[in-house]
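Me: I've got a model open and I'd like to learn how to read a few of its features. Can you walk me through them?

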Amino acid sequence: MSETGTATHGAGVTTSAPAVSGRYVTLDGMRGIAALAVALFHFDFIRAPHGYIAVDFFFALSGFVLWQAYYVRWKERSYGTIAFMRQRAIRLYPLFLLGMVLCTITALGKLAGGGWNAGAAQKILYSLPTNLLMLPSPVTQALFPINLPAWTLFFELIASLLMVTVMFRLPQWGLLVICLLSAWLLVPVILERHNANIGALRGEWPTALARTMFSFSLGTMIARLPQPHDRPAGWIGGLLLLVAAYLLGLFVGFGLGISIPVKTPEVGQYDLACILLLWPILLVLGSRFEVPAILVPAARFLGDVSFALYAVHWALIDPFKWLKDDLGVPAFFSAVLYIGTALVLSWCAVKWFDEPVRRRLSALFRQKRKPALSASSA
């Protein structure tokens, strides 16, 4: 979820989109739509009843983009394990930290406004030390109880470490083995649970790991496929955005889709169809077709704010549910206000916090490497 649509392309092949060279604008838009679906699902699940399976698309997209961006540099030994993981931490941690801080403020405000709750206060106190290190809480059922969606970032770090230490060294059939083994562990659990909304709790970690590694390794396999020299822009790219929104149930929130229950055998089968088949197809097509020029600004904007939206939206849920439930603001209007505020906050977080902090951290590590290089050359 954390990557932009920009990548360097291996094997000496250069791809270019007519609208924005070197950037997968359709994938940007699809990732932004997926982030919107997650945020709406957490606020009021009927607005995006399948928003939780956007997480699997994020994992597949991360595997795809990371392979495209780093494999050649790793192969040429210009990027080792420490440098790779440092770069991943610089990319993920600033917005993760901001999300944790905002969620903590919201949780404390809820305690202050609704009366003291010793159990909730202890949950915050005991979870924060490890959660701030991007590690699961050792004392609660939820891995990240203050900012529940952050569990995916922890497992993405695990997948990133496995990528640079193991997956970069594997042939295509080795990645296929990881996919098949992960699917073998994942499919029965989803069928038994009747949906794929699994991974945020301590007892679900094996399924969370299988869920992560299936989509992540599948994304790397797609990245290793031959890449086209040109990605034509047109109606196919725009249609892919609509398909992604429809599959996530976003049309339901606007009264344009058919709502189905959250937990039935049919829902589990639908979720598996998306995870095992439809997300890979959309990733392949999204990396080969670009949106028309008229949609490029919107797609780029959604891609730019998608990770920030994912990181901070949990902090806004309680305040806007208060508007809906206590002040009587209509549910649909509350959802619109919530997602509009989340998008504005996400854009501000990217421009005024994430980008400056990452620039400073990257510059700091570059300065630290220079003396070491000079000493070794001497």
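**Reading the model**

Reply: Start in the loop between α4 (118-131) and α5 (151-165), where Met 134 is found; helices here are DSSP runs of H or I with at least four residues, strands are E runs with at least two, and both are numbered from the N terminus. This is a predicted model, where local features need pLDDT of at least 70, side-chain atom pairs count only at pLDDT 80 or more, and totals for chains, interfaces and linings use all residues. Residues are numbered from 1 along each chain as its sequence is written, and side-chain values use heavy atoms, leaving out hydrogens and water.

Me: What is the phi of Met 134?

Reply: Positive, about 65°, although Met 134 is not a glycine. His 194 is not a glycine either, and has a positive phi of about 70°. Look for His 194 in the loop between α6 (172-193) and α7 (205-223).

Me: Does each count as buried or partly exposed?

Reply: Buried means under 20% relative accessible area, exposed means over 50%, and partly exposed is in between, with a 1.4 Å probe and protein chains only. Met 134 has 6% relative accessibility, so it counts as buried. His 194, at 28%, counts as partly exposed. Across the 378 residues of the protein chain, 51% count as buried.

Me: How many helices and strands does the protein chain have?

Reply: 13 helices and 0 strands.

Me: How do α1 and α8 cross?

Reply: The general idea first: two packed helices are described by the angle between their axes and the distance between the axes. Here the axes of α1 (residues 25-43) and α8 (residues 235-247) come within 9 Å and cross at roughly 20°. Axes are lines fitted to C-alpha atoms, for helices over the stretch in contact, and angles run from 0 to 180 degrees between N-to-C directions. That makes α1 roughly parallel to α8, a label for angles under 35 degrees.

Me: Which residues make the contact?

Reply: Contact means heavy atoms within 4.5 Å. From α1 you have Thr 26, Gly 29, Met 30 and Ile 33, and from α8 Gly 237, Leu 240, Leu 241, Ala 244 and Ala 245.

Me: Which residues of α12 are buried?

Reply: In general, an α-helix has 3.6 residues a turn, so residues three or four places apart point the same way. In α12, the buried residues are Ala 315, Leu 316, Ile 317, Phe 320 and Lys 324.

Notes. Parallel < 35°, antiparallel > 145°, perpendicular 65-115°, else oblique.
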